[in-house]
Amino acid sequence: MAKKVDVWTDGACSGNPGPGGWGVLMRSGQHEKELFGGEPDTTNNRMELMAAIVALETIKTGNEIALHTDSTYVKDGLNKWIHGWKRNGWKTAAKKPVKNCDLWKRLDEAAQRHPNLEWHWVKGHAGDEGNERADSLARKGAADVRATD
């Protein structure tokens with residue numbers, strides 16, 4: 001039976017580029033799962049993408065997913081721009097290579113595994129409890145990367 005899974009994702013970066021982290025909070029019924037990680041030299045946009053990728057790659061196919069992101073880059077990329085990029089051979093309307101193409105392809109593939117996926121944009125740092133927790137996890141991922149340098 002399909003489960004309803006609410007997901008909040010966020011990315012963080014100290015410097016842009018610099019050490020960064022991603023965070024994911026998943027809820028289904030009474031169950032919660034937190035995921036986070038980071039990279040030593042990355043950008044905020046890459047970490048926003050990684051959070052969504054890890055979430056979608058973690059959740060089993062067949063569930064209903066409501067994914068909440070505060071990233072207009074991720075939201076607009078998947079809902080507006082990606083169709084043109086794919087049509088143009090992963091080039092922008094200006095005929096330039098799509099930035100973060102490796103992650104966009106991975107996110108596209110992960111999203112296609114979930115036909116019952118809804119994207120929701122939430123305003124960041126505005127009191128949404130799930131977004132605040134995902135942000136905290138992303139900052140933890142970035143801090144862990146800095147601590148190992």
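**Chatting through a predicted model**

Reader: Okay, where is Lys3 found?
Author: Lys3 sits in the segment before E1. Keep in mind that this is a predicted model.

Reader: And what does Lys3 touch, leaving out residues up to four places away in sequence?
Author: With those left out, Lys3 touches Ser28, Asn63 and Glu64.

Reader: How far apart are Lys3 and Thr42 in space?
Author: They are 34 Å apart, C-alpha to C-alpha, and 39 residues apart in sequence.

Reader: New topic, the largest nonpolar core. Which residues touch the most other members?
Author: Val7, Trp22, Val24, Leu56, Trp104 and Leu107 do, out of the 32 residues in that core.

Reader: Which elements give two or more residues to this core?
Author: On the strand side there are E1 (4-13), E2 (18-28) and E4 (64-69), and the helices are H1 (44-58), H2 (72-87) and H3 (101-112).

Reader: Where does the largest share come from?
Author: From H1, which provides 9 residues of this core.

Reader: You listed Trp104 there. What does Trp104 touch, again not counting residues up to four places away in sequence?
Author: Quite a list: Leu49, Tyr73, Val74, Gly77, Leu78, Ile82, Trp85, Trp90, Val98 and Lys99.

Reader: Lots of rings in that answer! How many aromatic pairs does a search of the whole structure find?
Author: The search finds 5 aromatic pairs. One of them is Trp81 with Trp85, a tilted pair at 5.9 Å centre to centre with 45 degrees between the planes.

Reader: Where do Trp81 and Trp85 lie?
Author: Both are in helix H2, 4 residues apart, which is about one turn of the helix.

Reader: Trp85, is that buried or exposed?
Author: Trp85 counts as buried because its relative accessibility is 10%, and buried means under 20%. Trp81 has a relative accessible area of 35%, so Trp81 is partly exposed.

Reader: What about the rings of Trp85 and Trp90, why is that pair tilted?
Author: Their planes are at 40 degrees, so the pair counts as tilted, and the ring centres are 6.5 Å apart.

Reader: Last one: which residues do ring pairs link into a cluster?
Author: Tyr73, Trp81, Trp85, Trp90 and Trp104 are linked that way.

Conventions:
Residues are numbered from 1 along each chain as its sequence is written. This is a predicted model: local features need pLDDT of at least 70, side-chain atom pairs count only at pLDDT 80 or more; totals for chains, interfaces and linings use all residues. Side-chain values use heavy atoms; hydrogens and water are left out. A nonpolar core is a set of buried Ala, Val, Leu, Ile, Met, Phe, Trp, Tyr and Cys residues joined through side-chain atoms within 4.5 Å. Buried means under 20% relative accessible area, exposed over 50%, partly exposed in between (1.4 Å probe, protein chains only). Contact means heavy atoms within 4.5 Å. Rings of Phe, Tyr and Trp (its six-membered ring) pair if their centres lie within 6.5 Å; planes under 30 degrees apart count as stacked, over 60 as edge-to-face and the rest as tilted.
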